[in-house]
Structure formats: C-alpha cells, structure tokens
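Subject: Handover of a structure and its findings

Dear colleague,

Please find the structure below, handed over for your reference.

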Amino acid sequence: MNTKTKNRDRKFFGRDGSPELELQRERGSYLYDEEGRKYLDFTSGWCVGNFGWANEEIEDMIARMRHPTYVKPDLLYKPWTELAELLAEITPGRLQKSYRATGGSEAVEAAMQIAMIYTDRPGFLSLEDSYHGNTLGTLSIGASSNRKAYRNLLPHCHKLSLPLDEKALRRAELRLRSRNIAAFIMEPISCNLGVMVPDAEFMEAMHGLCRKYGTLFVADEVACGFGRTGKLFASEHFDVEPDILCMGKAITGGYASLGATITTEEIAEKIEDQFSFYSTYGWHPHGTAAAIANIRYWLRHEDELLDNIAGMSRLFTDRISRMRFKYGVTVCAAGLAISADLLDPDYAGEVREKCFDEGLILDTNDSKLVLFPALNISEREAGKGLEILEDCL
Ligand code: PLP
C-alpha cells in the first residue's frame, strides 16, 4: 500500500478502521491492488457487485443510455417511469409504487415514514442487533447498543431477540396487540445477522400477526435482494406479501448509488397527501441507467444465474462443511449468502486475516465467516478460493 496515500487518508478521510488494500481495478470476482496483487473477492463489496465487477454486458448497456446531467424531481423523466415499472414487475405480491432514494438507508427511512403515516402509529418492531442503515431513524430500529452513542434515537422502537421461535412470536404478539406498532421490519434472510434464515413457520405466523393487528410488514432487501439468496428477493422464499420492500446496494451492481422503496397502490394512495420524501439526488440519471441495465441483465440471464447460484451454493456448503476447523463448523447458506460458524470470534478473525494475506477476501460476523461471492462466479474461481481457505486452516 502506498504509505504516502495511507498517511494522507488517515489525516483527511473519515472512515471506520484502516484500509487493507489500495484498489486499482476490479474484474469479475477479482480485485487488484496498486502493486498488481490479485484478490478473490468473496464479499462482492458486501452484496453490491452481485453480477461480478466490471461486467461488460452491464457496462455496455449503461454506456448506450444517454441522459441529462441532472433531473429536478418535479419533472417528468422517462427512465424514472421505466425503472419504477420494472420494479413493480420484478418485486413480489402487489407492490407497485416506487419512491426514489440515494441508497439503502434512505430507502428504509422512507419505509418507516410511509408506515407511520399510513397507520398513524409511532412504533416499530425489528430484530435485535439488526442493521438497517445509518440515519438516526434507521439506527433506531437497529441494534439497541446504538443507544449508548446516540441518546436521541427514536422512542417506541422495540426489538425482538433471536431465536425466532414460538416464544418470539408470543413476545411479538404482545407488542403488536397494543396497536401502536406501525411496522415490523426485518431482512427476510438476514445478511447482517451472519446469514440468519428464519423458519417459514415464523415468517408466515409473523406476517399473519401483522395483518391481524394492522401493522405493516416491511422487507429490508437492501442486502439480501437481487438474487443473493437464490431468489430475486429473499421474501419469495416465504409465503408472505410485504407491504413495503426496500432496495439498495446490488440494485445498480455498484455502478452508481441508488435506493428504492416500493409499496402497494392502496398504501401509496392513502399516504399521497402527507408523504413527501424529498431526495435531491434520489434516482440520479446515472443511477437510474445503472439500475435499469442491472435489472435487464438479471431478466436476460435469470435461469443461468439461478442454476449457478444453486450449484455454487452446494459446492461452498459441501466443501466448507468438510474442512477441519479448530472447533468444528456449522454452515448456513441461502443461495450465495453463506456463513460458517467457527464457534470462536478470535479464531474466525485469524482465519479471515490469513485468507486475506493469501489473496482471498471474506468477512466475519462475530464467530462466523461470512461469504457473499458473485452470483456468476465460476466453479474454478469458487474452487480456488475454497482451496485458499482450506490451506489457511
Ligand atoms: N439495510 C441493510 C439490510 C443493509 O445491509 C444496509 C447497508 O449495509 C442498509 C440498509 C443501508 O444501506 P446504505 O449503506 O446504502 O445506506
């Protein structure tokens, strides 16, 4: 890493922790640093570059789209209509009307505001230790530990602790029964909780409780959406119909920043006069073009991508389950959202660091290794990364 750049970065650039590599370029599942070193990226930039970095087909589509520098939000802009229509087509259930955002946090923030206005209720129920973004609103529904640093987070935000079992359902019902809860919000398959896949019974019962008590069911698909879990949206694994669904990250594959919040016609109509979610750069023309190209790419290649996700998910799961980790391993996977619980956070950190030194990038969540490889990763690349992982044990 260039020491001068690193020192200037430390002095002028606000960030969490310190950078591990200086990125020069990326292609497919690989990142290259400034010394030309090659790294296999098993994170996809944390669920962003789902269709591989520098995807030529997507880049060509984006390059062919001509667009203005900026569009003032009260003007008509055909690509906005087109993107909104595409989102209505590809999202599950009766979701129809989309609102603009610059990223995931804004998308979830909009969902919270829509739910408050629609239900005329102040409260939220979410999963303990979850992550839904970085605004004060979204931090309020995230981990309760945030409240130590930010004393002014929203009141009336209640948390449901794991595991998501019968007892959790009973606790949830006690909350919802107050008819004070505007929305229950969760990642249908939680990437942020180290790939937590809830039981179908829990999801369906929870959805039923929301219906019973007039609480909106909000799916935060910012990380788990766009094919990551083996369906375009993770909600589709369950017999539930979200009232609001939030998108971000892989919606543009990393080519630009964009978020979206989609809801039903009925909800959109009822909130129309009160809800105004202004976002100056929401759906900037660059982002809109990238999202349209990215969604078209999925629609063109859906079958082969789904096949690859299923095949690679089996490969990762089988190989990792057979590796000799110090204290054993429990693998959990939904498509190419994969975690391997190594039962010791320090050991997981050590393995991650060794892998990095050998040119494999993966993430950790407490005692788990967390992997989000590109959805079009080849068997050879997956095998190579898994070999590095095994050699690092
Ligand atoms: N929701 C989930 C589930 C996320 O994982 C994230 C980001 O990691 C967000 C919301 C916030 O998205 P952004 O960082 O684009 O604001």
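**Findings**

Asp346 counts as exposed because its relative accessibility is 60%; exposed means over 50% relative accessible area, buried under 20%, and partly exposed in between, with a 1.4 Å probe and protein chains only. Asp346 lies in helix H12. Helices here are DSSP runs of H or I with at least four residues, strands are runs of E with at least two, and both are numbered from the N terminus.

Please note that this is a predicted model, in which local features need pLDDT of at least 70 and side-chain atom pairs count only at pLDDT 80 or more, while totals for chains, interfaces and linings use all residues. Residues are numbered from 1 along each chain as its sequence is written, and side-chain values use heavy atoms, leaving out hydrogens and water.

**The negative patch**

Asp346 belongs to a patch of negative charge on the surface, together with Glu350, Glu353, Asp357, Glu358, Glu387 and Asp391. Two or more residues of this patch come from each of helix H12 (345–357) and helix H13 (379–391). The most, 4 residues, come from H12. A patch is made of residues with over 30% relative accessible area and no salt bridge, like charges being joined within 9 Å and nonpolar side chains (Val, Leu, Ile, Met, Phe, Trp, Tyr) within 5 Å. A salt bridge is a side-chain nitrogen of Lys or Arg within 4 Å of a carboxyl oxygen of Asp or Glu.

**Backbone features**

Most residues other than glycine have a negative phi, and most peptide bonds are trans.

- Leu162 and Pro163 are joined by a cis peptide bond with omega of about 0°; Pro163 sits in the loop between strand E6 (157–160) and helix H8 (166–177).
- Asp120, although not a glycine, has a positive phi of about 55°. Its loop runs between helix H5 (104–119) and strand E5 (123–127), and Asp120 is exposed, with a relative accessible area of 71%.
- Leu343, also not a glycine, has a positive phi of about 70°. Leu343 is found in the loop between strand E12 (337–341) and H12, and is partly exposed at a relative accessible area of 49%.

**The chain as a whole**

The chain contains 13 helices and 15 strands. Of its 393 residues, 54% are buried. Its C-alpha atoms fill a box of roughly 55 × 55 × 45 Å along the principal axes.

Yours sincerely

Key:
Accessible areas come from the Shrake-Rupley method with a 1.4 Å probe; for residues, only the protein chains shown count as cover. Lys and Arg count as positive and Asp and Glu as negative; His and the chain ends are not counted. The place of a charge is taken as NZ of Lys, CZ of Arg, CG of Asp or CD of Glu.
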